[in-house]
Amino acid sequence: MTCPRDTDLSAYVDHMMKPPERARFNGHLQACPICQQRLDDMTALGTSLRALPSPQLGFDLAAQWNDRLHTQPLGRRPARAGAGWRGWMPVGLAGLTTGLALVSGLWLGGLMLGGLMLGGAAASVSGGALVRVFDPIPPGGLCAAAEICRLPKGMP
């Protein structure tokens, strides 16, 4: 048997081992002086700890804490987490972000439907020209050969 861990020694000192395991452990302790010394030290430590005086408070601490926990100070409401304008800040930021996304979507949708504003005047762009934005080569782009860019040869 290999030398036991401290937790096993502690279980032996506290009589928490089952009888067969305790008998096997006794056999090891008889043959191992190192474990016997560790067991003696642990037993002496337990005896010393039990010999320490137990201080008496002289009052019921649990009752005092219960009284303090269950009474609220007068004229003061309990603070809640996130109270005040700082509590609404994440909601305000989310609303602002959502609003900006909605306005951007409406503006881009307006551009796609032909309501393009240039210099304050409305310019009309045909729907076919707007769809050309999604072509493999955008309008004004260069292509070395129509086959490379996957453009039909007859396309302007």
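Mentor: A residue counts as buried when its relative accessible area is under 20%, as exposed when that area is over 50%, and as partly exposed in between, using a 1.4 Å probe and protein chains only. The model is a predicted one, in which local features need pLDDT of at least 70 and side-chain atom pairs count only at pLDDT 80 or more, while totals for chains, interfaces and linings use all residues. Residues are numbered from 1 along each chain as its sequence is written, and side-chain values use heavy atoms, with hydrogens and water left out.

Trainee: Is Cys-35 buried or exposed, then?

Mentor: Cys-35 is buried, with a relative accessibility of 0%. Cys-3, by contrast, is partly exposed at 43% relative accessible area.

Trainee: How many disulfides does the structure hold?

Mentor: It holds zero disulfides, where a disulfide is a pair of cysteine sulfur atoms within 2.5 Å.

Trainee: Changing topic, what is the secondary structure of the chain?

Mentor: The chain has six helices and two strands. These are DSSP runs numbered from the N terminus: helices are H or I with at least four residues, and strands are E with at least two. Starting at the N terminus, the order is α-α-α-α-α-β-β-α.

Trainee: And how much of the chain is buried?

Mentor: Of the 156 residues in the chain, 11% are buried. As for contacts, meaning heavy atoms within 4.5 Å, 37% of those between residues at least 6 apart in sequence join residues at least 24 apart.

Trainee: How does one describe two packed helices?

Mentor: One gives the angle between their axes and the distance between the axes. Here the axes are lines fitted to C-alpha atoms, for helices over the stretch in contact, and angles run from 0 to 180 degrees between N-to-C directions.

Trainee: At what angle do H2 and H3 pack?

Mentor: Helix H2 (residues 19–31) and helix H3 (residues 33–51) pack at about 110°, and their axes are 5 Å apart. H2 is therefore roughly perpendicular to H3. That term covers 65 to 115 degrees; angles under 35 count as roughly parallel, over 145 as roughly antiparallel, and the rest as oblique. His-28, Leu-29 and Ala-31 of H2 make the contact with Pro-33, Cys-35, Gln-36 and Leu-39 of H3. That contact comprises five nonpolar, two polar and no charged residues. For these classes, Ala, Val, Leu, Ile, Met, Phe, Trp, Tyr, Cys and Pro are nonpolar, Asp, Glu, Lys and Arg are charged, and the others, Gly among them, are polar.

Trainee: Where does H1 meet H3?

Mentor: On H1 the residues are Asp-6, Leu-9, Ser-10, Tyr-12 and Val-13, and on H3 they are Cys-35, Arg-38, Leu-39, Met-42 and Thr-43. By class, this contact has six nonpolar, two polar and two charged residues. The two axes come within 10 Å and cross at roughly 60°, which means that H1 is oblique to H3.

Trainee: What about H1 and H2?

Mentor: Helix H1 (residues 6–13) packs with H2 at about 110°, with 11 Å between the axes. H1 is therefore roughly perpendicular to H2. Asp-8, Leu-9 and Tyr-12 of H1 meet Arg-22, Phe-25, Asn-26 and Leu-29 of H2.

Trainee: Which residues does Arg-22 contact?

Mentor: Apart from neighbours within four places in sequence, Arg-22 contacts Tyr-12, His-15 and Met-17. The C-alpha atom of Arg-22 is 9.5 Å from that of Ala-11, eleven residues away along the chain.

Trainee: What phi does His-15 have?

Mentor: His-15 has a positive phi of about 60°, although it is not a glycine. Most residues other than glycine have a negative phi. His-15 sits in the loop between H1 and H2 and is exposed, at 59% relative accessibility.

Trainee: Finally, is Gly-46 buried or exposed?

Mentor: Gly-46, in helix H3, is buried at 18% relative accessibility.
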